[in-house]
Amino acid sequence: MAAGSGLGLRALGLAVLLLPVLPRGPPGAAERRCFCQVTGHLDDCTCDVETIDAFNNYKLFPRLNELLGSDYFRYYKVNLQKPCPFWDDNSHCGIRDCAVKPCPSDEVPDGIRAASYKYSEEASNLAEECEEAKRLGAVDGSLSEETQQAVLQWTRHDDSSDSFCEADDIYSPDAEYVDLLLNPERYTGYKGPDAWKIWNSIYEENCFKPQNVKRPLASGRGVCVEKRAFYKLISGLHASINIHLSARYLLQDTWSEKKWGPNVTEFQQRFDEVITRGEGPRRLKNLYFLYLIELRALSKVLPFFERPGFQLYTGNKSHDVEMKKQLLEILHLAKSFPLHFDENSLFAGNKKEAAKLKEEFKLHFKNISKIMDCVGCFKCRLWGKLQTQGLGTALKILFSEKLIENIPESGPSYGFQLTRQEIVALFNAFGRISTSVRELENFRNMLRNMR
């Protein structure tokens, strides 16, 4: 055996010795320590965990997974070269599994490349005309009346404050298409002080909590329902990411092959009640709260996608028609869920105070979306940016209810718009949460026979 291999084995042995000792007990004890509290009703909701499990795992997840494999949803344009805006640290993870492989332009369907946020060939041509007019800085009188109106409306939309995210400029030369299926979210080895710094900045500086409470905020006592909801959304997103890292862990890495699969020990380190001092099960319940928020957004945005003029435009007409049909089936299924979260419970107090709190909510979330540009692992950055944009789009939908209700059946929906980037992020982000809920069933079964 080579000397380097011996050193590697000794380092691995030391790492194993440094891991926390997992408590032992009778059969089923391991499952109870992670899942004993992950049952029954969720705080601030009328829904329960069991209803979500049954609905997601056996109805929604299989259909959504199929949709996300289609061309429209697998290609996401992202700028992974933006510098961190909060601290001077441009160090990047050197581990090969942190790398992201962008798509050669000829692999991206023509319709997506030519119309990166439009919904049909006709809409694409109109929108490109509008974009050119906006770049000129004025509404050119030589443009058609329809185009002039669209320019004004899109400018109004772009200048509005309905966005919860700092979105990438998809026209930047640094923005590239990434095939999400070829760059899956999984364990990369990115951890330690750099990863801790990201999450610490998110929790300490951008989550609402009483000044005297240290991270993590366990119960939300002392804060209003809106601030409590914000914390639970971020905690739920963090939990979901940790579930994916545990479910797609690098189990074997040799010159001939890599083997990825579930790592029960890693899952326990992150969610066992004893190891996490009671935090793990609460994090899992926050995942379910996040699921309800994003599911509610899908149910509310149905009128936007139902319009006859809307297409999931890739240039392949028959495929696009079939994908829209699948999309609408998923949205109708989401709408049929019996115990939706009531978003009217948020920002429902004094109008002036509610408006101020809502703006604060947006500002904090925008900051979190910017922090994603500080993540040193490019694959983690990719999925962090996508999932924060997806959650931000869900929040935008929930707080645009009246605009969505007034969308005309035909013609542009000037009052409420979603770009292709937002649509792809919205469904893929919910796909991640849906997958996490499904993975919990797998981990529960694996832990059931462990001590």
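**View A. Arg-277 is an exposed residue in a loop.** At 77% relative accessibility, Arg-277 counts as exposed, a word that stands for over 50% relative accessible area, whereas buried means under 20% and partly exposed lies in between (1.4 Å probe, protein chains only). The loop runs between α10 (264-271) and α11. Arg-277 has a positive phi of about 55 degrees, although it is not a glycine. The structure is a predicted model, in which local features need pLDDT of at least 70 and side-chain atom pairs count only at pLDDT 80 or more, while totals for chains, interfaces and linings use all residues. Residues are numbered from 1 along each chain as its sequence is written, and side-chain values use heavy atoms, with hydrogens and water left out.

**View B. The protein has 17 helices and four strands.** Helices (H or I, at least four residues) and strands (E, at least two) are DSSP runs, numbered from the N terminus. Of the 451 residues in the protein, 53% are buried. Among contacts (heavy atoms within 4.5 Å) with a separation of 6 or more, 79% join residues 24 or more positions apart.

**View C. Helix α3 has a kink at Leu-60.** The kink is about 50 degrees and lies shortly before the proline Pro-62; the bend at a residue is the angle between axes fitted to the seven residues ending there and the seven starting there. The end C-alpha atoms of α3 span only 25 Å, whereas a straight helix of 20 residues would span 28 Å at 1.5 Å a residue. This expected span is 1.5 Å times one less than the number of residues. At the N-terminal end, Asp-48 caps α3 through a side-chain oxygen that lies 3.2 Å from the backbone nitrogen of Glu-50. The buried residues of α3, including Ile-52, Phe-55, Leu-60 and Leu-64, pack against α4 (71-74), α11 (279-300), α13 and α17 (420-448).

View D. Rings of Phe, Tyr and Trp (its six-membered ring) pair if their centres lie within 6.5 Å; planes under 30 degrees apart count as stacked, over 60 as edge-to-face and the rest as tilted. By this rule there are 17 aromatic pairs. One of them is the edge-to-face pair of Phe-55 and Phe-337, with 4.8 Å from centre to centre and 65 degrees between the planes. Phe-55 is buried at 5% relative accessibility, and Phe-337 is buried at 3%.

**View E. Tyr-203 and Tyr-231 form a tilted pair.** Their ring centres are 5.9 Å apart, with 50 degrees between the planes. Tyr-203 lies in helix α8 (residues 193-206) and Tyr-231 in helix α9 (residues 225-247), 28 residues apart. Both tyrosines are buried. Other buried residues of α8 include Ile-198, Trp-199 and Ile-202, and what covers the buried residues of this helix includes α9 and α14. The 14 residues of α8 should span 20 Å at 1.5 Å a residue, which agrees with the 19 Å between its end C-alpha atoms.

**View F. Charged side chains sit over aromatic rings.** Here NZ of Lys or CZ of Arg is within 6 Å of the ring centre and within 35 degrees of the ring normal. The charged end of Lys-232 lies 4.3 Å from the centre of the Phe-289 ring. Arg-307 lies over the face of Phe-304, at 4.5 Å from the ring centre. Phe-304 is part of an aromatic cluster with Tyr-72, Phe-73, Phe-305, Phe-310, Phe-416 and Phe-427.

Key: Polar contact = N/O pair within 3.5 Å; in protein donor to acceptor, adjacent residues only side chain to side chain.
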